[in-house]
Amino acid sequence: MSTLDGKVAIVTGGASGIGRATALLFAREGAKVVVADLDGAGAEAVAEAAGGVAVQADVSDPADCERIVRTATETYGGLHVLFNNAGIIRRTTALDIDVEEWDRVMAVNVRSVFLMCKYAIPAMSGGGSIVNTGSGWGLKGGGNALSYCASKAAVVNMTRALAIDHAKAGIRVNSVNPGDTDTPMLREEAKQLNEDWAAFEKDAADRPMGRSGTPDEIAQAVLFLASDAASYITGSALVVDGGGLA
Ligand code: NAD
């Protein structure tokens, strides 16, 4: 038997990077997967590879979040796993981010987790597992990333509060907190800082394991938290960063 046989899973931000790797891993482990992303064509491509369904959606929008959950329950008859992973970054300080950009980072990274939980938890009638993507920068500060650091700290602590509120309903809620992981987002960060990719790679080389993580390495941690192997783990913040935070 595979780890997620018979389970229905939603992956937000599933078109790219960590979400894509996780959607494909969940499918290999037997789950029926709903791939939700702002990038509809990207979501379709991953859903096709995963044998699942795609939803083009903005996770900061309540109606879209409700529709993602409805797609899972109407297509597959239930919901067991929710991976709240969609996110954006702005490499800016308090002085150079404008108010609209601040609000957008908070809406995509934080409000989305609340909204998806609001609609998904009632659908997890037999219990379930929610994994939220935090970040190393949800657990410590980082330069030129004020809104992102604030948003990811909110995700980490919201995870703990959700875990307490829904433990007795058999719903576990944990965060996975990646360090630098080689995805389109990390390459976009280099662009926002006007740095070349080599500077980012040098940064990674200075850390304990001397490299960035791969999307698959994060996906394996998400799979563990999503699965029954983590049956007594809730409210935790699992760090997957090659020793960076240490
Ligand atoms: P990515 O850019 O490759 O993937 C993010 C996906 O989210 C994209 O497909 C994008 O279209 C989607 N998305 C963005 N806004 C959305 C919205 N409003 N509604 C629906 N989908 C939306 O990035 P990634 O590196 O795979 O990031 C995944 C998560 O991991 C994010 O929450 C990110 O903050 C977090 N993270 C990444 C790193 C890293 O180094 N890559 C480190 C720590 C945490």
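Ala, Val, Leu, Ile, Met, Phe, Trp, Tyr, Cys and Pro count as nonpolar here, Asp, Glu, Lys and Arg as charged, and the others, Gly among them, as polar. Keep that in mind. By those classes, the shell around the ligand holds 13 nonpolar, 13 polar and 4 charged residues.

One caution, everyone. This is a predicted model.

Stay with the ligand for a moment. Which residues come nearest to the ligand? They are G13, G17, G87, T183 and M185, out of 30 residues around the ligand. α1, residues 17-28, supplies at least two residues of the shell, and so does α6, residues 184-192.

Now step back to the whole chain. It has 8 helices and 7 strands. The C-alpha atoms fill a box of roughly 45 × 35 × 35 Å along the principal axes. How does the radius of gyration fit? A compact globule of 246 residues would have a value near 18 Å, and the chain has 17 Å, so the two agree. Of the 246 residues, 48% count as buried. Look at the contacts too. Take those with a separation of 6 or more: residues 24 or more positions apart make up 71% of them.

Next, the sheet. A quick reminder: strands of a sheet pair through backbone hydrogen bonds, either parallel or antiparallel. Which sense do we have here? The pairing is parallel, in an open sheet of 7 strands. Read the order with me: β3-β2-β1-β4-β5-β6-β7. At the edges sit β3 (53-56) and β7 (237-240), each pairing on one side only. Neighbouring strands are turned by 20 degrees against each other on average, direction ignored.

Zoom in on one pair. β1, residues 8-12, runs parallel to β2, residues 32-37, over 5 bridges. For V11, the bridge partner in β2 is V35.

α1 touches β1, β2, β4 (81-84), β5 (128-133) and β6 (171-178). Its direction makes about 170 degrees with that of β1. Helix α5, residues 146-166, touches β5, β6 and β7. The direction of α5 makes about 165 degrees with that of β6.

Last stop: T3. Where does T3 lie? In the segment before β1. Buried, exposed or in between? T3 has 17 other C-beta atoms within 10 Å, so T3 is partly exposed; buried would take 20 or more, exposed 12 or fewer. Leaving out residues up to four places away in sequence, T3 touches E29, G30, L223 and S227. A41 is another matter. A41 is 38 residues from T3 along the chain, and their C-alpha atoms are separated by 28 Å.

Technical notes
Residues are numbered from 1 along each chain as its sequence is written. This is a predicted model: local features need pLDDT of at least 70, side-chain atom pairs count only at pLDDT 80 or more; totals for chains, interfaces and linings use all residues. Helices (H or I, at least four residues) and strands (E, at least two) are DSSP runs, numbered from the N terminus. The radius of gyration is taken over C-alpha atoms; the globule rule is 2.2 Å times the number of residues to the power 0.38. Two residues are in contact if their C-beta atoms, placed from the backbone, lie within 7 Å. A residue is near a molecule or strand if its C-beta atom, placed from the backbone, lies within 6 Å of it. Two strands pair if DSSP finds at least two bridges between them. Axes are lines fitted to C-alpha atoms, for helices over the stretch in contact, and angles run from 0 to 180 degrees between N-to-C directions.
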